[in-house]
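Here is my note on the model you passed along. Please read the points beside the coordinates.

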Amino acid sequence: MEPVTEHSLAADGLAVGYDQREIIHDLSVRIPTGKITVIVGANACGKSTLLKTLARLLKPSRGTVLLDGKSIQQIPTREVATKLGLLPQSPAAPEGITVADLVGRGRYPRTRWIRQWSKEDDEAVAAAMTSTDVLSIADRPIDELSGGQRQRVWIAMALAQETDILLLDEPTTFLDLTHQFEVLDLLVDLNKSESRTIVLVLHDLNQACRFGDHLIAMKNGEIVAEGDPRKVISEEVVEEVFGLAVKVIPDPVAGSPMVVPIGRHTTRTSPAANGTAAAALAASAAADGVCRPIDR
Ligand SMILES: Nc1ncnc2c1ncn2[C@@H]1O[C@H](COP(=O)(O)OP(=O)(O)OP(=O)(O)O)[C@@H](O)[C@H]1O
Ligand SMILES: [Mg+2]
């Protein structure tokens, strides 16, 4: 594994859009180095547009993205790709490509005609495939996989790139709950053991609060709140950002904010039943202070 050097990512006065339609008008942000940042916001508010601009896939009409303090437009593509990796929301694979070959493409920015594919590349690919649980399907074509399997292969490809900064657009889409937590726990491992800077878009606010050191809430192409999720997430902020009435209570496992939507058709349990459920929840949480992981 190559030593990880610290890279910084920021944006200053960004305006970005498609054709004549401007989506982001004047956005500045500093991504905390070595932390996990989670971007949340309603559909179409501009999360993917922001992530793609940070990764240089979209060119802003005004403003600058700064990678290590330098305009990202001035940095050669291959150099950007060794520092920063992006898993887009809907990636497209070449037809017929196998899992192992696709994950191997994550290594392309690191190979050149003078530096052929090496043992190090093999090891990075194997490690990425092991941690995302796709080793057993290594030889299968991508087109034949389930949505969740395919998503894990894309995550493996992003991991194989071994970049210090990793941007992931809704990496838990299509995954069952176990695999969602495995992916999120894996990102925490990478962040803690290698100080990688991770930015991800999530729709699950409870996961965002649990896993994010830093939360960015977007609305209509703007950042409306950012900071420690415990400070950012409140009933008022969720109402403002999503137009949704919720209760915010402490997550019984993590202590982070837990967002419980109220909804129009919620059937209220009777006070007695409510009390019993609440007591059971409190008892299980208090049993030894933590949820015991199940051996698998
Ligand atoms: N390639 C494109 N061409 C034209 N308009 C686009 C394109 N991609 C996105 N848009 C528009 O830009 C706006 C922001 O889209 P974006 O994908 O950034 O939203 P998002 O916050 O990621 O939403 P979601 O939660 O649904 O993924 C939307 O109105 C969308 O229709
Ligand atoms: Mg999106």
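The points below take the conventions first, then the fold, the open sheet and the ligand shell.

1. This is a predicted model, in which local features need pLDDT of at least 70 and side-chain atom pairs count only at pLDDT 80 or more, while totals for chains, interfaces and linings use all residues. Residues are numbered from 1 along each chain as its sequence is written, and chains are lettered from A and ligands numbered from 1 in the order in which they are written.

2. The protein has 10 helices and 12 strands, taken as DSSP runs numbered from the N terminus (helices H or I, at least four residues; strands E, at least two). Of its 296 residues, 34% count as buried, that is, with 20 or more other C-beta atoms, placed from the backbone, within 10 Å of their own.

3. Six strands form an open sheet of mixed pairing, in the order S6-S7-S8-S3-S9-S10, where two strands pair if DSSP finds at least two bridges between them. Its edge strands are S6 (84-87) and S10 (222-227), each of which pairs on one side only.

4. Strand S9 (residues 214-219) runs antiparallel to S10 and is joined to it by five bridges; Ala 217 stands opposite Ala 225 in S10.

5. Around ligand 1, the shell includes Tyr 18, Ile 23, Lys 47 and Gln 89, a residue being near a molecule if its C-beta atom, placed from the backbone, lies within 6 Å of it. Helix H1 (residues 47-54) supplies the largest share of this shell, three residues.

Terms used: A residue is buried if 20 or more other C-beta atoms lie within 10 Å of its own, exposed if 12 or fewer, and partly exposed in between; C-beta atoms are placed from the backbone.
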